[in-house]
Amino acid sequence: MTGFLLRRLGGALFVLWALSVLLYLVFYVAPGDVAQIACGPRCSPVQVAQVRDQLRLDDPLWVQYAHFVQGIFAGRDYSSGTGVLHCDAPCLGLSYQSDQQVTQLILAKLPVTGSLVVGALVLWLLLGVGTGVLSVWRRGRPTERVLTWLTLAGTATPVFVIGLLLIIAFCSTLQWLPFPTYVPFAENPEQWAWNLLLPWVSLAAIESAKYARLTRSSMLETLAEDHVRTFRAYGVGERALVGRHALRGALAPVITLSAMDVGSMFGGAVLTESLFGLPGLGRELVEAVKVVDLPVVVGMVLVTGFFVVLANALADVLHALADRRVVLA
């Protein structure tokens with residue numbers, strides 16, 4: 001297991017390094033004159049030259065990238081024209097629009113997206129895996145057909161449609177819930193949960209349909225294997241076969257897909273956050289793209305990549321714990 005963990009750690013670090021190089025080339029080299037972008041379209045040539053000097057854009061490319069990496073691990077100093085601004089590690093740069101440290105901006109938005117993703121994850125795993133197990137257990141009966149239609153409808157329905165229907169039904173018509181506004185968990189846990197209930201349900205409704213189909217197909221494949229047929233021939237009950245053997249065989253793909261979804265959701269829950277007015281990472285990323293705030297865009301994408309890599313590394317560990325054959329591969 002130790003060698004397995006070291007291999008996964010080395011692979012994760014390499015992926016993060018490659019991602020940082022790719023992001024730097026795409027956003028700081030390919031766009032053209034970064035100084036003009038940072039200064040704005042109305043800046044004079046003199047002002048653009050001052051910004052280029054402050055950002056040290058006249059240095060060789062590898063030196064600029066070295067400064068970028070140095071900021072992440074040791075912090076970095078930025079010239080403001082009248083003084084020096086220090087950006088503490090991990091420094092992902094300063095926003096072109098507000099001169100705020102990108103790291104502080106991300107940390108301010110991270111609890112919102114984290115609350116949304118974690119709560120929705122619990123719901124879609126319970127709904128998705130539970131629906132998949134029930135569909136297999138009741139296969140060949142009307143219950144299976146109804147669940148199959150529901151999962152197909154959930155997969156085909158956009159998240160903003162479900163979100164709008166939930167808002168109209170529970171906030172406007174029935175008035176059972178307030179319109180979602182983010183309340184920090186430490187401030188009021190009850191209001192935190194009530195305000196995030198509709199975003200959780202709307203996001204989980206889409207994802208749970210995908211997990212239900214994956215769980216059902218994986219369990220059906222496991223039930224068709226030789227060892228399961230042997231258990232059935234020895235008189236093992238169908239409930240035990242479905243709940244003990246088939247479900248365990250479906251855990252590996254569910255764990256892998258969960259890791260990918262959770263990691264991508266930290267930067268990709270744009271529609272849900274925008275629809276419910278949640279000030280999370282996805283919404284902030286959209287605003288940064290609109291105004292071409294390159295440090296914020298790069299920082300957001302890099303943090304999203306970090307969560308994707310971290311989630312996949314955890315998935316590998318959980319997969320290895322569930323199936324020891326993975327460690328020896």
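Visitor: What makes Glu207 and Lys210 a salt bridge?

Guide: Their closest N and O atoms are 3.1 Å apart, and the rule asks for a side-chain nitrogen of Lys or Arg within 4 Å of a carboxyl oxygen of Asp or Glu. So the pair qualifies. Bear in mind that this is a predicted model, where local features need pLDDT of at least 70, side-chain atom pairs count only at pLDDT 80 or more, and totals for chains, interfaces and linings use all residues. Side-chain values use heavy atoms, leaving out hydrogens and water, and residues are numbered from 1 along each chain as its sequence is written.

Visitor: Why are Glu207 and Lys210 said to be about one helical turn apart?

Guide: Because they are three residues apart in helix α8. Helices here are DSSP runs (H or I, at least four residues), numbered from the N terminus.

Visitor: How do you know whether Glu207 is buried or exposed?

Guide: Buried means under 20% relative accessible area, exposed over 50%, and partly exposed in between (1.4 Å probe, protein chains only). Glu207 has 8%, so it is buried. Lys210, at 33%, counts as partly exposed.

Visitor: Which residues are linked with Glu207 in a network of salt bridges?

Guide: Lys210 and Asp261. By the same rule, the count comes to four salt bridges.

Visitor: Why is α6 called oblique to α8?

Guide: The axes of α6 (residues 142–156) and α8 (residues 189–223) come within 8 Å and cross at roughly 135 degrees. Angles under 35 degrees count as roughly parallel, over 145 as roughly antiparallel, 65 to 115 as roughly perpendicular and the rest as oblique. So α6 is oblique to α8. The axes are lines fitted to C-alpha atoms over the stretch in contact, with angles running from 0 to 180 degrees between N-to-C directions.

Conventions
Helices (H or I, at least four residues) and strands (E, at least two) are DSSP runs, numbered from the N terminus.
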